[in-house]
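Subject: Structure handover

Hello,

Here is the structure I said I would pass on.

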Amino acid sequence: MTKELIQGNEAAVRGAINAGCNFFAGYPITPSSEIAHGMAELLPKFNGVFVQMEDEIASISAAIGASMAGAKAMTATSGPGFSLMQESIGYAAITETPVIIYNVMRVGPSTGIPTAPSQGDVMQARYGSHGDYPIIVLSPATVEDMYHLTVEAFELAHKFSSPVTVLSDEIIGHMRESVTLPELGERIELPESENIIGIGRRMHRTGLAHNEHGLPTTDFKEYEGLIKRLFAKFDSFKPKVKVENGDADVIFIAYGSSYRSARRAVKILIGKGVDAGILKLETLFPFPEKEVRKISKKAERVIVPEMNMGQILREVERVCCCDVVGVSFFGSLIIPEVLAKKVEEML
Amino acid sequence: MKAEYAEMLRDTLPHVWCAGCGNGIVLGAFIRAFKNTGMERDKTVVVSGIGCSGRISQYLDFDTVHTTHGRALAFATGIKLANPSLNVVVFMGDGDAVAIGGNHFIHACRRNIDITAVIINNSIYGMTGGQTAPTTPEGRRTKTSPYGNPESPFDISKLAITAGATYVARFTSYHTRWLEKAIAEAMLHKGFSVVEAITGCPTHWKMKPYEILRLQKEKFVRSSIESVEEIRPEDIGIFKREVKQEFCEKVHKILRN
């Protein structure tokens, strides 16, 4: 391991390949395209398949199909493509197919500002597909996170037989940082799935509500059992957060590139004598309710800076026992001094 | 039920299809065709889309994948690329294949990926209640064209040929033996193969099943036309057989080098 200057999207590619990814289907879209570029170049060298599909719907569908046939599969996109993928994300959830969806967020809705950063897809990542379903959503805040959370995404997808969305943003995806990462090819072995096509199981997979044999049902009791079981799978899930100065009066709760700015703002505020701390959400969903509630018990005020109108803010408000204030920013990275000043004015 | 069919089917009867539906005829033709190919059942995956035709996958005792509406070929592309040793057969309806799934269809043709697409074309949306499909003849009255369909229909076989599929055949639910032979030949063909199976929808066409079969017998003519421009809607036959390098072979050749 040596220190190197590497881009966030490139780190995601390395993480995927080291986690054993051997199938990538994608469609070009800024600011995620470097993930496709890296996969196109490197996957053939690691006995994997890269395919550029005709659109994002086809990309995720091919990735799910490949996963069903035993591949470790991934796709990457940004806002408009993520919208197109939603139906198939629900399909992956109900068929319990592991698949990784990278969404490098950009300003929306619609075409938005190509390609300014945003965190506007948080609730879409959780609730974007129709119907009730659980999903794992991870949020990298550094180039190092782009590597490690990608590896973790593969581990979790295969452990929980579930789609996992990595919700990055344009800043983290395009930023270059000097980091020390495992070398390309230092592979992590994930267990092979036994629930795949082509080994004589003769199983049916369907997006219809199904019974324990995988066959369609219209019995609402069986449907209830299916949905409750899908959610119950995540009872053992341990969300990841990182806390600094957790006993402070003013606690920032942040994720992705907002976390970077908030962490700097905390230092500025501490320099001015404010008792400030920070909780970094590495897991956005299932939402780290216990961890957030716990920290809010000691705090007087929780600040949630986001590059949107306040999305994770709602989750934080739902579980916190103290005063919660959202601070919204739009289309550009959050300048720590501006954030610190806004918070100082509130106190 | 004959044992030759029963052994290929799951115990999932009764089926959802209306009396006189052509889907059962196509399913029967597939089972007979599959047996004739000599392919291994556990190395064969049946993929389907959404609609009446999409239910075929749940009746067959294979590895089966019932996907989303229109995307069956995209799922199948992932399956085949991930494990090229699998035989992949995709069942779609006409709306499934060339309306919502039209983009995936032309690109699967263009890639020449070794998948067999059986498109059951009844020229109407059956499951949703009899609406206009992209294959509905101009002027035909449906639930969504109560004054007559103002649009021109696709000819699925011609679309497949011009988009680059390397095996294309069209038969009807009346011409079952030819249909069966074409499905077997398509499965053994290396490359993207399309078998368009013309059926009818007694429920929404408001015709008796025997009337539909008689219509097919009287209207359709076997032809050996090789020029795509000359294919008429009433022509049936094997329209294209082309030897061309298959997509997975090219992709996996990159891996080997």
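The notes below cover the conventions, chain A, the interface and a sheet.

This is a predicted model, in which local features need pLDDT of at least 70 and side-chain atom pairs count only at pLDDT 80 or more, while totals for chains, interfaces and linings use all residues. Residues are numbered from 1 along each chain as its sequence is written, chains are lettered from A and ligands numbered from 1 in the order in which they are written, and side-chain values use heavy atoms, with hydrogens and water left out.

Chain A has twelve helices and 15 strands (DSSP runs numbered from the N terminus: helices are H or I with at least four residues, strands are E with at least two). Its radius of gyration is 20 Å, close to the 20 Å that the globule rule gives for 347 residues, so chain A is as compact as a globular protein of that length (the radius is taken over C-alpha atoms, and the rule is 2.2 Å times the number of residues to the power 0.38). The C-alpha trace of chain A spans about 65 × 50 × 35 Å along its principal axes.

On the interface: 38 residues from chain A and 37 residues from chain B take part in the contact (heavy atoms within 4.5 Å). The two chains bury about 2,900 Å² between them, 60% of it on carbon and sulfur atoms (accessible area, 1.4 Å probe, lost on being put together and summed over both parts). Of the area that chain A buries against chain B, 24% comes from Glu54(A), Ile197(A) and Arg202(A), more than from any other three residues.

The rule finds four salt bridges across the interface (a side-chain nitrogen of Lys or Arg within 4 Å of a carboxyl oxygen of Asp or Glu). In one salt bridge, Arg202(A) meets Asp61(B) at 3.5 Å, N to O. The elements giving two or more residues to the side of chain A that touches chain B are β3 (49-52), α3 (56-68), α4 (79-94) and β9 (204-206) of chain A. Of these, α3(A) gives the most, with eight residues.

β9(A) is joined to strand β2 (residues 63-66) of chain B by three bridges, and the two run parallel (strands pair if DSSP finds at least two bridges between them). Within this pairing, Thr206(A) has His66(B) as its bridge partner. The open sheet of nine strands has mixed pairing and runs β9(A)-β2(B)-β1(B)-β3(B)-β4(B)-β6(B)-β5(B)-β8(B)-β7(B). β9 of chain A and β7 (221-222) of chain B stand at the edges with a single partner strand each, so one side of each is left without a neighbour in the sheet.

Regards
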